[in-house]
Amino acid sequence: MTSVLQRQPADRLPEFRVDWHDDSANWSVAPEFMGNSDLRALALTDEREIVFEIVAPAEALSSLHINLATFARKNSVTLTCDLLDSDGALLLRHHSSADQIFDNALHKCLDLRVLQFEIGKKYWVRLSSVGATADDCFGVWCREVVAGRYQLPRKINHFRERRVFDYGVESAGPSTKLNCYAVFDTAYWQANQTLAQLDQAFPNQTFQVLNFDPARDTARLWDRLAAADVVAFCDVHPTDDAGQRSYDGLVFELFRRGICTLFVDGGSFAFRGARANFAYADGLKDQLSRRTADARRCQFTLRPDDVRLVHNDRPSEDLSESVQIGTPAALDNLMRLARHGRTPRVAIVSVLYNKSDIIERFVEHVVSQSYPGEIALVLVNDRSPQDDAKRAMKLSKELAKKGVANRTVEVVENADNLGNCASRLVGLASVEADIYIVIDCDCLINRDFVSAHVFEHARDDVDAVVGPLNIESWQRDPEELVRILEAEPERIAAEASAQDPVQPDGFVNCITRNFSAKRRVVEREPLFDVDFGYSAKPGSGFGWEDVEMGYRLYAKASVIRFTELAFSVHATHDASTNEEGKIKGSFRNFERMFAKHPAMELAARRWSVDTYDKLQRWAGKDVDAGEPQKALAKRFEKILEADRKLIQSYRPGARRLRILTYRWHVPHQYELYKLPHDFTLATHIGENGMINAWSYDQRPFRPNVRMVPARHIDPRDYDLAILHFDENLLAPNLCNNVIPSSWGEAFDWLLETSLPKAAICHGTPQFRGQYALDARQMATFDIHEDERLRMVRHLADANVKVVCNSWQALAEWEFQDSRVIWHGFDPQEFPAGTQERGILALGQDRHRPHYRGAWEHAEIEAMLDPAIKIETAAHVGAAIDPRDTNAFAVRHFRSYVDRIRQFTAYLNTTLRSPMPRSRGEAMMTGVIPVCLANHDVQRFIEPGKDGFYSDEPAELADWLNHLFKRPAEARKLGEAARRKAMDVFNHDRYLSAWTQLIEDALGESISR
């Protein structure tokens, strides 16, 4: 299919024709046009396929959705959805398991974005299911439909977060009549005042005023807003989850299309909390936080009460003067800022050495990128013995003759064979660009590769972008594999092999098969260390130069983002004849990297040890790599033995478990789900609504996790159950009505299954006076011994293995079968801190002042020098990205980390919390722990060396006063605290302990 779909003007409707093969099926894009006959279900079995035709409209189709249901779950049957052309040739195929489909679900069967349809041509859709019987089948909900022409509704049902800019929409430029909208919440009552403020900020500009309810009006207003230049949301605050999702998606889609979005605070209380004479608490504080988040979905915020214009990516920056608020040029200037970064100049740098067989195809994939901006391809000829440079120069001349303004190819000649690192530096220095992509030219990139990188770089905080790695062609045609993966993007993850599959945006994944960096990164210091270069010279090292580069980015706290929309296929070569030289060179560079960066073995512990083990197996008994090999053995052999089971569990062939659990403590679960198993979180169990949704404002949702209503779950399909509980599980009645009576319903449901079980205890035994029942300070805690014993027996009777977060908690509970696993954190997510702020502490908990040590905290604060400030981890959060997406969660989590890493000391006065997570996280960045002596501090803090602890609040205050008078000592202690945390709280220790616990619970080995 060669014809390209033509984009229709905004005021024209596409037409769409549906011809059903058997006159009964349901095309879900426009069901309202298909008559009023009753729905019925056609059974999809091994003996019966369902086939129907579609006719391509004059508008791009993004996906095919079908209303499906599963009628039984005896076997794990698979649905196959094929798209065929009119001659019966297969264009796309997608497989879905029964586990992915729930009753009456609108299931996405095909992603059609990569296809080019011929307008008006017929295509066949075929649904089939091998092995499905009438007792175990899929059902397709259908209506009787008369063949004919149907008009697609002008309706937006939902937005999907496509993370590339839409370059097909041409917005108005400066000095032209702008199409602007002022959108008001339907309940808003200060419209006239806000419009006056908007007019004051942007004089001589006409705004069309619209009423807007996010839950109902998005589809109704979409056509107008999608054609706008500027949309000002005036105090629009969704009142429910559906409205929030619709509002978030709408604003993000406008941003993606290059439309300027502005949030206007119309004089409500939303931003007054930032003023010194206003402070909100309890419910009002929560409402302030939500309203601030609503504003940050837009690109800019106009604050009329203090006449400020803020870029929501940089909330501390006042743009009022640079945009010239109050002048006729203001709106033009604002739109220029909004569009900044959509089409930066991109340079792609690669090295030519023995690439004659691939160079033409490499250049073609660069030239044919979907990105409309300028791409400068720089090829550095490192004295290649082949004619690849000559071929590249010929391509450069041909491109210039065609007059393609936004694509250039330049060949730079090295005077000598310098190696890959030095050659890349030559290429980077020879071209001016905003974004630099460094890639090997035996890699063929997908059509959206550059666009996907540019989209992530559009945010100012991003320094580098990476994507799926190490997709090998092997015996396949690499170009054909690119086309297949573009057509079936769900296959990319299976084909890719990241250096670190657990942390996609980790520094060890900064590999020059899918890597880009902003200009400021390239200009800061040489991107590559020439000591790691690989060249034809004898004794050259081999490999690891890009990982070493990635570590230096991490050491400077660079922000690295991952995009799943950019990938490259490596044209696999035959094995080198100098295999022994590569092995020795690889050992040489690998050892050199850790000698240069000793802390790297902690920052990427599992990857370091796993890679050492792979090098050892590569060398085998026949290759002796000499001193580098011996030095690496001394560094890693003990750790390898300790973590062997964990490392093997990530390798192909290891058993992948199906684990049943439920949402509880999101940050803790986020770390646990880094295990290489599949986790199903049961939802809708009883009345405890907390378990029904993930908290994206706490942590990202990992790809090996899914949330499924309990009614669709058969526990017999799983290998293990992991339960979560705290001290209030069995006796919420002792919690002063703070904890609901439904608190333990999910726990009870899972406990009743026959699965092997492990449980995480997130608390310590209940005590009299908890939850603010006693307003006086307590010298000791009177434990509810009867409730402690009841909990212990309850778990023992069910043969549950219990995990406690501290040794003190273990001793207090006295569970029958229990162990301690301290929290674990990935150092890649916690770069080193700055010590620019004072003391970090938990905020007040009015419900549990005794638990948090409120009186002890106040006593210490009163004795501190007035210049020392105690603050909480409250942070600005993520801007623009929809709140129920992982992109938001990743940015929000990094905002939290960037907040805590600013502090010098962490003050922990909690008395009942077993190992506060926030203390461990702060230590990971080098914040010095200062703690009351409880819950294991004596096991990991060496007073005066990497922190301090005491039973006496006065001693903690004295030590803090001493510390803040000696910044050099504080820096030394912070570095020591970070090293300690990266060791004892390293997530690989945590995951290794969990791997052993799982094996103990199952009674068998799960590693290869």
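Helix H10 (residues 449-457) is mostly covered, with 9 of its 9 residues buried; buried denotes a relative accessible area under 20%, against over 50% for exposed and partly exposed in between (1.4 Å probe, protein chains only). The model is predicted, so that local features need pLDDT of at least 70 and side-chain atom pairs count only at pLDDT 80 or more, while totals for chains, interfaces and linings use all residues. Residues are numbered from 1 along each chain as its sequence is written, and side-chain values use heavy atoms, with hydrogens and water left out.

**Overall architecture**
- The protein contains 30 helices and 40 strands, which are DSSP runs numbered from the N terminus (helices: H or I, at least four residues; strands: E, at least two).
- Of the 1008 residues in the protein, 57% are buried.
- Among contacts (heavy atoms within 4.5 Å) between residues at least 6 apart in sequence, 79% join residues at least 24 apart.
- The accessible surface of the protein is about 42400 Å², and carbon and sulfur atoms account for 48% of that surface; the areas come from the Shrake-Rupley method with a 1.4 Å probe.

**Covered helices**
- The buried residues of H10 include Phe449, Val450, His453, Glu456 and His457.
- Helix H28 (residues 953-963) has Pro953, Leu956, Ala957, Trp959, Leu960, Asn961 and Leu963 buried.
- The cover over the buried residues of H28 includes strand E36 (837-841), helix H24 (854-863), E38, strand E39 (928-932), strand E40 (948-950) and H29.

**Thr904**
- Thr904 belongs to strand E38 (residues 903-908) and is buried, at a relative accessible area of 6%.
- Leaving aside residues up to four places away in sequence, Thr904 touches Gln835, Arg837, Gly838, Gly926, Val927, Ile928, Leu963, Phe964 and Ala970.
- The side chain of Thr904 reaches the backbone oxygen of Gln835 at 3.4 Å.

**Second largest pocket**
- The second largest pocket has a volume of about 320 Å³, taken as the space filled by probe spheres set on grid points joined across faces, edges and corners.
- A pocket is an open set of points on a 1 Å grid over the protein atoms alone, where a 1.4 Å probe fits, with protein on both sides within 12 Å along at least five of seven lines; lining residues have an atom within 4 Å of a point.
- Its lining comprises 16 residues, of which Ala832, Gly974, Glu975, Arg978 and Arg979 lie nearest the centre of the second largest pocket.
- Helix H16 (600-603) and helix H29 (967-984) are the elements that give two or more residues to this lining, and H29 gives the most, with 6 residues.

Terms used. Polar contact = N/O pair within 3.5 Å; in protein donor to acceptor, adjacent residues only side chain to side chain.
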